[in-house]
Amino acid sequence: MKPALRRLRTVTVTLATCTLGLSLLSAPAAAGPVQPVTPLSDRAPESDQFSAEGVTTVGELRTVDGSLSYARAGRTQIIQHPGATYIKVHFSSLRLAPGEYVTVSSPDGRESYRYDRHLNRATGADYTTDGRPGFWAMSVEGDTAVVTLHSNRSSRGSAATIDRFWRGYDRTEISQYNFSIQSVCSTDARRDVVCYRSSHPTEYARGNAVARLLISGGGMCTTWRVGNTNRMLTNKHCFSTQAAVSGSEMQFNYQCATCGGANPGPGTKVSGATLYRVSSGGSSQLDYALFSVNNFAAIQGFGTLYLATSATTTGTQMYIPGHGDGSPKRLSIFENAQNGARCTVRNANYNTWNISYSCDTSGGNSGSPVLNSSHRVIALHHLGGCPSNQGAKAHLIYNEIASLIDNG
């Protein structure tokens with residue numbers, strides 16, 4: 001999220017701070033103790049780290065020298081960083097024969113992504129790219145990714161090379177490596193979306209269309225489905241190029257199962273497909289990016305949102321679902337206390353492009369929809385700074401993208 005009238009700069013993560021113990025381990029396919037066989041990974045150069053202004057930095061890039069071989073003892077490697085919130089593995093090459101494939105999985109198997117020599121999303125798993133040789137597997141939640149070669153061959157040689165991975169910061173690191181702007185106005189009244197499943201069922205349901213946006217492996221914003229076709233909206237300051245769209249993941253249903261339970265599942269992850277339009281002007285103006293995703297069928301069941309086509313008014317009741325700080329999805333419904341005053345529009349004409357409100361947000365909420373009591377999107381959240389957090393006027397965005405969406 002970006003403060004009004006100035007751009008945030010992400011804090012540089014010093015190399016000395018981030019040389020935590022991470023190991024690339026190799027294990028035989030059969031059960032047994034896993035022993036390290038390669039050196040510890042290194043933090044990638046600063047120029048390769050995520051550094052987009054105004055976007056919450058949630059991970060760091062690391063380099064490794066790993067491979068999968070046809071030898072029985074070399075068919076599984078475990079990439080692990082103690083305390084990491086996710087691991088996203090890069091394959092610089094795959095050398096697979098027909099019928100062979102690799103999987104990238106969580107240790108418990110709840111997440112598993114399968115890749116063969118064709119990298120066909122229709123028959124295998126989704127993936128992202130960054131313009132360099134190879135591809136990025138979809139991220140795996142937690143601090144461990146199990147990479148396995150599946151083959152009936154017994155021969156010499158390497159089948160896959162792993163050269164890099166992103167590892168997710170924990171909550172303390174996210175706070176440490178990102179500047180904070182005061183966007184929680186007084187007491188933080190946000191709660192897990194599941195807390196409102198019974199008391200505010202429509203707000204809860206509309207939040208299903210909102211996803212966490214992992215940008216190029218190391219940045220975080222919020223995004224959401226707009227209209228009846230394969231279209232998504234977020235902020236231009238989150239990404240504005242086709243390369244960034246192709247390198248990003250949209251994670252739907254990343255939310256806690258119980259109120260305050262800190263127990264989210266992995267949800268449903270898809271990759272970015274096509275960038276259709278970005279707004280003109282700076283990040284204090286309309287600040288939108290319209291794009292599509294791969295494997296759209298996987299997310300259609302989460303529903304969609306629709307843009308208001310006329311201006312809102314001061315005093316309008318409102319709410320914001322989103323992924324502030326990269327957290328599991330939360331709802332901002334109340335100003336300062338549960339069951340107290342509802343969030344409302346403070347100024348429907350804060351300036352040419354924006355409305356203002358004091359509903360609680362934080363870094364990572366950039367791109368969140370601001371909805372009224374009729375559950376239409378009245379603004380696209382993008383600027384922080386109490387008491388005037390700001391969202392770009394949705395009816396102005398609609399005027400620019402109407403021909404590209406089916407707004408219902």
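Modeller: The following account takes the cysteines of this predicted model in turn. The structure holds 4 disulfides, and, with the bonded cysteines of the protein chain numbered in sequence order, they pair as 1-8, 2-5, 3-4, 6-7.

One of these disulfides links Cys 185 and Cys 386, whose sulfur atoms are 2.0 Å apart. Cys 185 is located in the loop between helix 1 (171–176) and strand 16 (191–192), and Cys 386 in the loop between strand 28 (377–384) and strand 29 (389–393), so this bond ties together parts 201 residues apart in sequence. The link is left-handed, with -95° about the S-S bond. Cys 185 counts as buried at 10% relative accessibility, whereas Cys 386, at 27%, counts as partly exposed.

A further disulfide joins Cys 221 to Cys 238, with 2.1 Å between the sulfur atoms. Cys 221 belongs to strand 18 (residues 219–225) and Cys 238 to the loop between strand 19 (232–234) and helix 3 (242–246), so the parts tied together are 17 residues apart in sequence. This link is left-handed, at -90° about the S-S bond, and both Cys 221 and Cys 238 are buried.

Cys 343 and Cys 359 are also joined, S to S 2.1 Å. Their link is right-handed, with 80° about the S-S bond, and each of the two cysteines is buried.

Cys 256, by contrast, is in no disulfide: the nearest cysteine sulfur, that of Cys 195, is 8.1 Å away. Cys 256 is buried, its relative accessible area being 5%.

Conventions:
Residues numbered from 1 in each chain as written. Predicted model: local features only at pLDDT ≥ 70, side-chain atom pairs only at ≥ 80, totals over all residues. Heavy atoms only, no water. Disulfide = S-S within 2.5 Å. Helix = DSSP H or I, 4+ residues; strand = E, 2+ residues; numbered from the N terminus. Buried < 20%, exposed > 50% of the residue type's maximum accessible area, 1.4 Å probe, protein only.
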